[in-house]
Amino acid sequence: MAIPRFREHHGLPILANGFRPFFLLGAVQSALTILVWLPVFYGELKLTSAFAPRDWHVHEMLYGYLPAIITGFLFTAIPNWTGRLPLQGMPLLTLVIAWIAGRIAVTFSAGASWWLVAAVDCGFLLLVVGAAAREIIAGRNWRNLQVVLLVAMLLAGNIGFHVEAHVRGAADTSIRIGVAVVVLLIALIGGRITPSFTRNWLVRENPGRLPVPFGRFDVVVVLVSALVLLAWIIVPDHAFTGIALALAGVLHLIRLARWAGDRTLRERLLVILHVGYAFVPLGFLINAAASFGAVLPSAGLHAWMAGAAGVMTLAVMTRATLGHTGQQLTASAATQAIYAAIVIAALARICAVLEPAHSELLLHVAAFAWVTAFLGFALAYGPLLLGLKRRALAVRSA
C-alpha cells in the first residue's frame, strides 16, 4: 500500500475531497429522479427529454447517479492506492460542473441535436477516466487500472446509449452493457472491501471465524461473471445464458458465505455491505429465470440496480463519509434508518415485477423508500460533506 498524502485545502470544504460533492449531489439527484419518474410512469407528467421516458429513467440512474458515486469513491481511494495528492479545488469543481451539465443536457434534450447532448453528457466520464488513469499510471499502481478500465467501459456504454436511442428509439443493449459493468465493479470492489472491513472488525471486536481473503476463487468468480454477463448482453434470452447466469449466481452465493457476514450483526456498517452484496447473486438467479421466460427481465435488472447498486453505494457513501470526516465508524439511528429504507425500496421494486397484482402499491412503496433513503442521506450526512461539522473523534481503523 502506498502512503496517502493530503494537501490542506483553503477553499470551500466541499471541494476538499472527491467524495464530498459527488456523494451529496448524487444522493439528491437520485431522489429527485425517482420523484419525477413515478408521475411520468403513470402519465401525470411529461418529460422534456429526447429519450423515451423509460430510457430517461434508466439513463439518469445508470449513467447519471452511479457515475457520480463511482467518481466520489475513485478520487477518494486513488490517493490511498498511489500515494499521490488528492484531486481538490478547481479540478474537482470542473468535474462537478461537467456532471451537472450532463444531467441538464439529458433532461432538457428535446429538440436539441442528439450528438451535442451526447458530447456534453459523455464528456464527464471521459474526464473521469482520463484523470483517474493519469493518477494511477503516475503512481504505478497497475493493479487498480482494472477499475479504470471498467469505468471506461461504462463510458462506452453511455456513448452507445445515445447512439442506440437515436437510431433505434430504445437503448436495450446499452442498458445491459451499463448494468453488467456496474455488477462487475461491485463484484471487484465490493468483493475486496467487504471481507477486508469484516476481518478488521472481527479481529478487534469478535475474535473467531474470519472471512476468507481475496484469492484465486474470487478471481475465478469475477472472470466467470464477466463471461456470463457478456453472454447476457448479447443473447439474454438463450437457454445457455440462463444456465450460465444460474451458475454465476451460485458462485457468488458461495463467495458471500465465505465472508462471515453472520458474525457482524452487532455492527450495521458491516451488515449492510453483506446485505448489499447478496443482491448480486439474487440478480444472477432472477435473470437466469428470466432467460427461460419464468419472470420478467426487469425483476433481475432491479435486483442488480435497486438492490446491489442502491444498497452498496449507500453502504460505501455512509462509511466513507464517516471515516474521512473523522467520525466514529458505527451506524447511528439515522444511518440504520437509511439502510432499512434502501433495502425496503429494493425488495419492493423487485416484488412489484414478480407480483403484478400488487405492482402499483409496491411501486409507490419502493419510490417512497428510495427517496427516504437518499434524501435521508443528504440530510444526515450533508453537514459532514459540506464541512459544517468538525472532526469529532479520531478515525478508528475500519
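How many cavities of 30 Å³ or more does the count come to? The count comes to two cavities, a cavity being a set of points, on a 1 Å grid over the protein atoms alone, where a 1.4 Å probe fits but cannot get out. This is a predicted model, in which local features need pLDDT of at least 70 and side-chain atom pairs count only at pLDDT 80 or more, while totals for chains, interfaces and linings use all residues. Residues are numbered from 1 along each chain as its sequence is written, and side-chain values use heavy atoms, with hydrogens and water left out.

View 1. Of the 14 residues that line the largest cavity, the closest to its centre are Ile 70, Ile 186, Ile 189, Thr 313 and Val 316, where lining residues have an atom within 4 Å of a point. The largest share of this lining, six residues, comes from α6, helices being DSSP runs (H or I, at least four residues) numbered from the N terminus.

**View 2. The second largest cavity.** This cavity has a volume of about 50 Å³, and the residues lining the second largest cavity are Phe 75, Ile 78, Pro 79, Arg 84, Leu 85, Pro 86, Leu 87 and Glu 135. Helix α2 gives the most to this lining, with three residues.

**View 3. Helices α2 and α3.** Helix α2 (residues 53-82) and helix α3 (residues 89-107) pack at an angle of about 175°, with their axes 11 Å apart, axes being lines fitted to C-alpha atoms over the stretch in contact and angles running from 0 to 180 degrees between N-to-C directions. The two helices, α2 and α3, are therefore roughly antiparallel to each other, a term for angles over 145 degrees.

Methods. Parallel < 35°, antiparallel > 145°, perpendicular 65-115°, else oblique. 1 Å grid on protein atoms, 1.4 Å probe; cavity = no way out; pocket = protein on both sides within 12 Å on 5 of 7 lines; lining within 4 Å. Points joined across faces, edges and corners; volume = space filled by probe spheres on them.
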